[in-house]
Amino acid sequence: MAKKSVSGTNEKVSNYIHDDIVFSILSKLPLKSLKRFGCVRKSWSLLFENPLFMNMFRNNFLSKDTSYCHNASFLLQRRIPNIFANDLHSLSGERFENRVELNLPDPFQDDDLCRLYLFDILNVSSTNDFICVCCHLRDKRFALNVIPRRPLRRIRFGNRFALWNPTTDEFKVIPQSPAQFKPFATNVSHDVINFNAGSFVYGFGYDRVIHDYKVLHQVQFSAPLLFPDSGYVPLENISLEPVWEIYSLRSNSWRKLDIVMPTTGGFDNEARVSIDGVCHWWSWDNTGSFLVSFDLSNEVFCTTPIPADIGNNFDNGCLWRHLVVLNGSIALVTYQTQMTLFNISILGELSVKESWIKLFIVGPLPCIEFPFGVVKGKIFFVREDKEIAWFDLSTQMIEELGVKAESGINCQIVIYWKNFLPIDGINK
């Protein structure tokens, strides 16, 4: 019987995988996983220093962001402060070629004492069925927030909030928080003057645990001006400590939070973003910049330090910092006016400073007057000739929207998905 001879020493099975294959696989992973896999092989810990791998990772990242925004629409807002007006358009299409002008009514028109003069649309992602509108109100009787010699019992000013469904044009006015009516002084007739109270929204999002939409805000107080002959005497043991509150759509009410959190570095929308039931905003102290993240479900917060080369670059001519969501990740976009450069960094894991990476450096782009948003892998800005345009991170090209604006400071763009459900349907 013939026997086959097998040589086990002449050939060895190789377990080597070519770098191109390894890069192709790893470049599709989330940033958090990539950072953790750095301990598997030394070469993997150096992936973010490899130009070939970074190009593959950026391309995959942008393609996923385009898929993330599939079938989404966008709201472009141009505020005109001098005449207290707002111009609002809905944008859709690959190049935003479908543009529809929207007429946003005043949800507080039944309030005879107040008028809407400006509004902000909160920058929320991932559960954009509804949009939270922050409406800045002024009392029709007063141009300034000052108590007159014969003060009224209550002066109406500050911010009000409403939920808006852009698809159906349905509005739901959010009731004012009781904390905004904190007594400051009284007279012999027991008339009361309240503190000047300012409400600042830090986030709006969806609590997936109890299926509820929530709004997080902080109420800050300042003492009104009392004239000596007004007859009003300040109350004793009054406090100017701010109050954190959370609104629930399901209960249609506000609730005080027993918590102390760092405040934002700015009250404009670029300082805040919400995604997956977590509200994020950037802040700073004497140690540097950091991200604050508040979970709407368990109502706890954490902080993530921002490296100095990413967030603390105001000394390098940084004019603009913007928190956005790119491909489901928190991203910090900075713009340096002197060098006309954009830096886009993404966060891999909350509370881990080392998980930040600088993903894109864009520029120089000397035609920019002021940037105002990043959506669908595109940086929106107002050019020096007042045209609104965008820079496409994938094609590296600049395209015009066909709309002009006086200033990028008063422009805003946010993302939403069409939804025909009623806002109060969550309570059914």
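Predicted model: local features only at pLDDT ≥ 70, side-chain atom pairs only at ≥ 80, totals over all residues.
Arg 383 is buried, with a relative accessible area of 15%, whereas Asp 385 is partly exposed at 38%.

Glu 400 counts as partly exposed, with a relative accessibility of 44%. Now show the three residues together: Arg 383, Asp 385 and Glu 400 are linked in a network of salt bridges. Side chains of opposite charge can pair when their charged atoms come close.

**Out to the sheet**

Switch to a cartoon view and look at the strands around this network. Which strands make up the sheet, and in what order? Four strands form an open sheet that runs β24-β25-β26-β27, with antiparallel pairing. To find its edges, select 368–375 for β24 and 398–404 for β27; each of these edge strands pairs on one side only. Turn the view and compare the directions of the strands: neighbours in this sheet are turned by 25° against each other on average, direction ignored.

Next, select residues 378–383, which are strand β25, and residues 387–392, which are strand β26. The two pair in the antiparallel sense over five bridges. Within this pairing, pick Phe 381 and look across to β26, where Ala 389 stands opposite. Strands of a sheet pair through backbone hydrogen bonds, either parallel or antiparallel.

Move to the loop between β23 (356–362) and β24, where you will find Pro 364. Show the backbone atoms here: the peptide bond from Gly 363 to Pro 364 is cis, with omega near 5°.

**Two loops with positive phi**

Select Thr 340, in the loop between β21 (329–336) and β22 (341–347). Its phi is near 50°, a positive value in a residue other than glycine. Is Thr 340 buried or exposed? Thr 340 is buried, with a relative accessible area of 13%.

Then go to Glu 299, which lies in the loop between β18 (288–295) and β19 (301–305). Glu 299 is not a glycine, yet it has a positive phi of about 60°.

**A salt bridge elsewhere in the chain**

Now select Arg 78 and Asp 87. Their side chains meet in a salt bridge, at 2.6 Å from N to O. Buried here means under 20% relative accessible area. Arg 78 has 18% relative accessibility, so it counts as buried, and Asp 87 is buried too, at 14%.

**Last stop: cysteines**

Finish by selecting Cys 302 and Cys 411. Cys 302 is partly exposed, with a relative accessible area of 23%, while Cys 411 counts as buried at 7% relative accessibility. How many disulfides are there to look for? The structure holds zero.

Note on methods
Residues numbered from 1 in each chain as written. Heavy atoms only, no water. Pairing = 2+ DSSP bridges. Axes fitted to C-alpha atoms, helices over the stretch in contact; angles between N-to-C directions. Salt bridge = Lys/Arg side-chain N within 4 Å of Asp/Glu carboxyl O. Buried < 20%, exposed > 50% of the residue type's maximum accessible area, 1.4 Å probe, protein only. Disulfide = S-S within 2.5 Å.
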